[in-house]
Amino acid sequence: MKDKIIKKATDMFLKLGFKSVTMDDIACEMCISKKTIYKYFSNKESLIEEGTEVVHQNIHHQIDAIISKNFNAIEENFEIVKLMKDTFQTYEASPVYQLKKHYPEIYQKLIAAELEDCNILFSQNITKGIAQGLYRENIDIPSFVRFYYTIIFSIKETTQLESESLKLEMQALEYHTRALATPKGILELEKQLSNINNY
């Protein structure tokens, strides 16, 4: 029952907004009593916190699945952006923007976990791209990782509409890739950009 509540509540939060959905709304949608929800969650904040953690974990499991398919480094990044688009494009309001605005403490916890994961993910991708001859050698990897996640998180935090956020993130990926790429990498980038319309 706890997992069902998290799933339904998270879907409602993402579709309708963290602030606007009440515990009554969730109970009504699930045809259960509010008391049943409070059996598992002391308040709405604890439900949001657990729900966002589940979303975070699910996305990273899907990213791990993409990485296991052994795409080249540039294609891998485009597949991850495609995953994010497929996951969030049906939601009008940006979940990250809402979370920061209405529940800053939960947002800070989520971002701390996200930063840790992104450091590993982006570093591995750059190392892979260098080995494949797609990215330039002698790159200061920690600096490039920091540049990229600073841009991405800035977009997520300040962009209200999810569709606009996804568009800007794609542009940030192109910007990031051009900064890293060898001539071979630029060819691969152009190939991926030509496929975007098929997304």
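1. Let me start with a charged pair. Asp-24 forms a salt bridge with Lys-34, and their closest N and O atoms are 3.3 Å apart. A salt bridge here is a side-chain nitrogen of Lys or Arg within 4 Å of a carboxyl oxygen of Asp or Glu. Asp-24 lies in helix 2 (residues 23–30) and Lys-34 in helix 3 (residues 34–40), so the pair ties together parts that are 10 residues apart in sequence. Asp-24 is partly exposed at 46% relative accessibility, and Lys-34 is also partly exposed, at 32%. For these labels, buried means under 20% relative accessible area, exposed means over 50%, and partly exposed is in between (1.4 Å probe, protein chains only).

2. A word on what you are looking at. This is a predicted model, in which local features need pLDDT of at least 70 and side-chain atom pairs count only at pLDDT 80 or more, while totals for chains, interfaces and linings use all residues. Residues are numbered from 1 along each chain as its sequence is written, and side-chain values use heavy atoms, with hydrogens and water left out. Helices are DSSP runs (H or I, at least four residues), numbered from the N terminus.

3. The structure holds 11 salt bridges. One of them joins Lys-82 to Asp-86, with the closest N and O atoms 3.4 Å apart. These two residues are separated by about one helical turn, because they sit 4 residues apart in helix 5. Lys-82 is partly exposed, with a relative accessible area of 28%, and Asp-86 is partly exposed at 43%.

4. Helix 9 is worth a look too. In a salt bridge there, the side chains of Glu-174 and Arg-178 meet at 3.0 Å, N to O. Helix 9 covers residues 162–180, and the two partners are 4 residues apart in it, so about one helical turn separates them. Glu-174 is partly exposed at 24% relative accessibility, as is Arg-178 at 34%. Glu-190 joins Glu-174 and Arg-178 in a network of salt bridges.

5. Now for a helix pair. Helix 4 (residues 44–67) and helix 5 (residues 73–88) pack at an angle of about 145°, and their axes are 10 Å apart. Axes are lines fitted to C-alpha atoms, for helices over the stretch in contact, and angles run from 0 to 180 degrees between N-to-C directions. From helix 4, Val-55, Ile-59, Gln-62, Ile-63, Ile-66 and Ile-67 meet Glu-76, Glu-79, Ile-80, Leu-83, Met-84 and Phe-88 of helix 5. Contact means heavy atoms within 4.5 Å.

6. Two asparagines deserve a glance at their backbone. Most residues other than glycine have a negative phi. Asn-70, although not a glycine, has a positive phi of about 60°; Asn-70 is placed in the loop between helix 4 and helix 5 and is exposed, with a relative accessible area of 64%. Asn-138 likewise has a positive phi of about 60° without being a glycine. Asn-138 is in the loop between helix 7 (104–131) and helix 8, and counts as exposed at 81% relative accessibility.

7. Finally, Glu-157 is found in helix 8 (residues 141–158) and is partly exposed, with a relative accessible area of 23%. Leaving aside residues up to four places away in sequence, Glu-157 touches Val-96, Tyr-97, Lys-100 and Tyr-107. The side chain of Glu-157 also makes a contact with the side chain of Lys-100 that is polar, at 3.3 Å (a pair of N or O atoms within 3.5 Å; within protein, one must be able to donate a hydrogen and the other to accept it, and residues adjacent in sequence count only if both atoms are side-chain atoms).
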